[in-house]
Amino acid sequence: MDLRRKRAYDSASPDDGYRVLVDRLWPRGVSKERAAIDLWAKEVAPSTELRHEWHAPGADFETNAAHYRADLAGPQAETLDTLVEALHGHPVVTLVYAVNDAEHNHAVVLEGVLKNLID
């Protein structure tokens, strides 16, 4: 499976394959048609508390990423398993997220976790 990431504000493309929104909140100003989301996996997104920590001024990416990985291995493990099952059979999956920083966000962490589970 080819696992990718893309911002919700970037145009959807047929090359994206199966598009999964991995944010707890719908991206502001993006219509459902424009987003072209196949699955909204909001249950696997960071908790509201962690989301607030993640976007706080001076937030440390590595600390928040570790908390998110712990949540995915613990309280959200069943939800993560459900997502893995939903992704099977799709040769290309694009994780869609809204934040500006393409390298320091929860979708990067989720992608790494999913790659370990899928391989």
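This is a predicted model: local features need pLDDT of at least 70, side-chain atom pairs count only at pLDDT 80 or more; totals for chains, interfaces and linings use all residues.
The model contains an open sheet of 4 strands, which are arranged in the order 1-4-2-3 and pair in the parallel sense. Strand 1 (2–7) and strand 3 stand at the edges of this sheet, and each has a single partner strand, so one side of each is left without a neighbour in the sheet. In general, the strands of a sheet pair through backbone hydrogen bonds, and the pairing is either parallel or antiparallel. In the present model, strand 1 is joined to strand 4 by 6 bridges, and the two run parallel. Strand 4 (residues 92–97) also pairs with strand 2, again in the parallel sense, over 4 bridges, while strand 2 and strand 3 (residues 39–40) are paired in parallel over 2 bridges.

Individual bridge partners show how these strands are placed against each other. Leucine 95 in strand 4 stands opposite arginine 5, and leucine 95 is also the bridge partner of valine 20. Valine 20 in turn stands opposite leucine 39 in strand 3. A further bridge links tyrosine 18 with valine 93, which belongs to strand 4.

The side chains of a regular strand alternate between the two faces of the sheet. In strand 2 (residues 18–21), Tyr18 and Val20 point one way, whereas Arg19 and Leu21 point the other way, and all of these residues are buried. Strand 4 is likewise mostly covered, with 6 of its 6 residues buried. Val92, Thr94 and Val96 lie on one side of strand 4, and Val93, Leu95 and Tyr97 lie on the other, so that both faces of the strand are covered.

The side chain of threonine 94 reaches the backbone oxygen of aspartate 16 at a distance of 2.7 Å. When neighbours within four places in sequence are left aside, threonine 94 is in contact with Arg4, Arg5, Lys6, Asp16, Tyr18, Arg19 and Val20.

Apart from residues up to four places away in sequence, leucine 83 touches Val20, Leu39, Ala41, Val44 and Leu114. Between leucine 83 and aspartate 101, which are 18 residues apart in sequence, the C-alpha to C-alpha distance is 24 Å. Lysine 115 lies in helix 5 (residues 106–118) and is partly exposed, with a relative accessible area of 38%. The C-alpha atoms of lysine 115 and threonine 94 are separated by 12 Å, and these two residues are 21 residues apart along the chain.

Alanine 36 is located in the loop between helix 1 (32–35) and strand 3. Although alanine 36 is not a glycine, it has a positive phi of about 50 degrees. At a relative accessibility of 31%, alanine 36 counts as partly exposed.

The largest pocket of the model holds about 350 Å³ of space. It is lined by 17 residues, and of these Asp23, Arg51, His55, Ala98 and Val99 lie nearest the centre of the pocket. When the lining residues of the largest pocket are sorted by class, 9 are nonpolar, 4 are polar and 4 are charged.

Notes
Residues are numbered from 1 along each chain as its sequence is written. Side-chain values use heavy atoms; hydrogens and water are left out. On a 1 Å grid over the protein atoms alone, a cavity is a set of points where a 1.4 Å probe fits but cannot get out, and a pocket is an open set with protein on both sides within 12 Å along at least five of seven lines; lining residues have an atom within 4 Å of a point. Grid points are joined across faces, edges and corners, and a volume is the space filled by probe spheres set on the points. Ala, Val, Leu, Ile, Met, Phe, Trp, Tyr, Cys and Pro count as nonpolar, Asp, Glu, Lys and Arg as charged, and the others, Gly among them, as polar. Buried means under 20% relative accessible area, exposed over 50%, partly exposed in between (1.4 Å probe, protein chains only). Two strands pair if DSSP finds at least two bridges between them. A polar contact is a pair of N or O atoms within 3.5 Å; within protein, one must be able to donate a hydrogen and the other to accept it, and residues adjacent in sequence count only if both atoms are side-chain atoms. Contact means heavy atoms within 4.5 Å.
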